[in-house]
Amino acid sequence: MAYTTIDDPSAQFQVKYWAGNDTQDTSHTFDGNSNLKPDLFINKGTGVAYGWNTMDTSRGIGDSGKAVRTNLGNAEFSINDYFETADTNGFTVGTGDASFNSSSDNYICLAWKCNGGTTSSNTDGTATTTVQANTTAGFSIVLGSFTGSTKTYGHGLGVAPDVVFWKNRSNTNSWLWFTTVIDGTHDYGILNQGNAFSATSYDLPTSTVFSGNDDNNTDFVAYCFKSIKGYSKFGTYKGRGLADVSGGRVRGKYVHTGFKPAFVMTKATSTSANWQVYNNKRPSYGNNVNLKMGFNKEHIENGSDFGNTSQNNMDFCANGFRLTTANTDTNSSGETYFFMAFAESPFVTSTGIPTTAR
C-alpha cells in the first residue's frame with residue numbers, strides 16, 4: 001500500500017521565516033530537502049500590524065506584480081520591487097515597504113509550487129480562464145473575469161477540488177472561501193472576516209470546473225486545492241472543550257492527517273472565530289506550536305486576538321496535530337472546525353520509511 005505519492009513535501013510547499021533588514025535585493029533560501037521555486041506566496045510581518053500579502057506568478061512578481069491581502073476586501077495593489085523575484089530555491093525581497101522588509105520586524109512566508117508561472121488558456125467552463133496547475137500536488141491558480149451572472153470556470157486539476165477561494169481583484173468585495181469537506185455539500189466562509197460558514201447555491205465543483213459570480217466586468221484570482229494523501233489534508237474535527245493538564249495527561253483533541261504538519265489552518269464553522277494559522281518555523285518547545293496569527297487579522301503574532309501563548313495552542317505530531325487548550329478558535333466543545341494542513345514529511349514514505357515528531 002502506498003502511503004503517499006509525494007515523499008518530499010518540501011518540493012511542493014515550504015515555510016520561510018526571516019529577519020527584515022531594510023536592504024534591497026535580499027535573497028531568502030528555503031531549507032527543505034528539495035529546492036522549491038514558488039508560485040504562490042503569502043507573507044506577513046510577525047511583530048507589526050500589517051496585513052497578509054498574497055502574490056502569485058500568474059499575476060506577476062516584481063515591478064509589474066500585484067498583491068491582495070487576505071485580511072482585507074480591498075482591490076489588488078502594485079508590489080513594485082518590494083517582492084522582487086521567485087528564485088530557484090526561494091525568493092528575493094526589496095525594501096521600501098514595512099510589510100515586506102523592515103529591520104524592525106521578522107517575517108513569515110508560506111510558499112507553494114504550481115507550474116513555474118507558465119499558464120495556458122482553459123475553455124472547460126462557460127467562461128475562459130487562464131490557468132497554471134500542479135496536478136501532482138493538487139493545486140492550481142486561476143485567473144478569470146466575472147460577468148454579473150453565474151458561470152463555470154476551468155481549474156485544470158483534473159479532479160474536483162476540495163477547496164476553492166477567490167478574490168475579486170478589481171473591487172472591495174470580500175474573499176470567498178468554498179469547500180465541500182464540511183458536510184459533503186458546498187459551504188463558504190469569508191476569509192477576511194471571522195463569520196460562520198454558510199451554504200452556497202453554486203454547483204459543486206467538478207473535475208474540470210467550479211462555478212461563481214461577482215460584479216460584471218471584474219477580474220478575479222482563484223486558488224484551487226485537492227487533498228493529496230501524505231502531503232495535504234482538508235477536513236473537519238469536533239472540538240472537545242478539554243485542555244491537556246499538568247503531569248503530561250493528554251485530554252486535548254487529536255486530528256489525524258497522515259503526515260507531520262508544516263502548516264495548519266483552522267476555522268470554526270458555525271460560530272465567529274479567527275482563521276487560525278500555525279507553522280513549523282516559529283520558535284516553540286518540543287512539539288508545541290504556541291505562536292499563531294490569523295489570516296483575517298493584521299494583528300501581530302500571539303496578539304490578544306489569538307490568546308497570547310496560553311490559548312489556542314497546538315502540537316505538531318508525526319501523523320497529525322493535537323489541540324492542547326480548550327478555546328473558542330480551535331477547541332470548543334461540540335463545535336465543528338474546518339482545517340487545512342500541509343506536510344513537512346509524510347508519516348511513512350512510499351518506501352516505508354517512517355517520520356518522527358518534532
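Strands β20 and β28 pair in the antiparallel sense over 7 bridges, where strands are DSSP runs of E of at least two residues, numbered from the N terminus, and two strands pair if DSSP finds at least two bridges between them. Within this pairing, Lys238 stands opposite Thr336 in β28. The model is a predicted one: local features need pLDDT of at least 70 and side-chain atom pairs count only at pLDDT 80 or more, whereas totals for chains, interfaces and linings use all residues. Residues are numbered from 1 along each chain as its sequence is written, and side-chain values use heavy atoms, with hydrogens and water left out.

The two strands belong to an open sheet of 5 strands, in the order β20-β28-β22-β23-β25, with antiparallel pairing. Its edge strands are β20 (232-238) and β25, each of which pairs on one side only.

A further open sheet, of 6 strands, runs β1-β9-β3-β4-β5-β6, and its pairing is antiparallel. Here the edges are β1 and β6 (77-78), each pairing on one side only. Strand β5, residues 66-69, is joined to β6 in the antiparallel sense over 2 bridges, and Lys66 stands opposite Ser78 in β6.

Which residues have the most contacts inside the largest nonpolar core? They are Trp112, Trp177, Phe225 and Phe295, in a core of 39 residues. Among the elements that give two or more residues to this core are β1 (13-19), β9 (106-112), β22 (259-268) and β28 (336-346). Apart from it lies another core, of 17 residues, including Trp18, Ala86, Phe91 and Tyr107. By a nonpolar core I mean a set of buried Ala, Val, Leu, Ile, Met, Phe, Trp, Tyr and Cys residues joined through side-chain atoms within 4.5 Å; buried means under 20% relative accessible area, exposed over 50%, and partly exposed in between, with a 1.4 Å probe and protein chains only.

Of the 17 lining residues, the closest to the centre are Asp8, Ser10, Gly32, Asn33 and Glu344. The largest share of the lining, 4 residues, comes from β28.

Finally, the two single residues. Is Glu301 buried or exposed? Glu301 lies in the loop between β25 (293-294) and β26 (314-317), and it counts as buried because its relative accessible area is 12%. Thr152, in strand β13 (residues 151-154), is partly exposed at 24% relative accessibility. The C-alpha atoms of Thr152 and Phe210 are separated by 5.5 Å, although the two are 58 residues apart along the chain.

Conventions:
1 Å grid on protein atoms, 1.4 Å probe; cavity = no way out; pocket = protein on both sides within 12 Å on 5 of 7 lines; lining within 4 Å.
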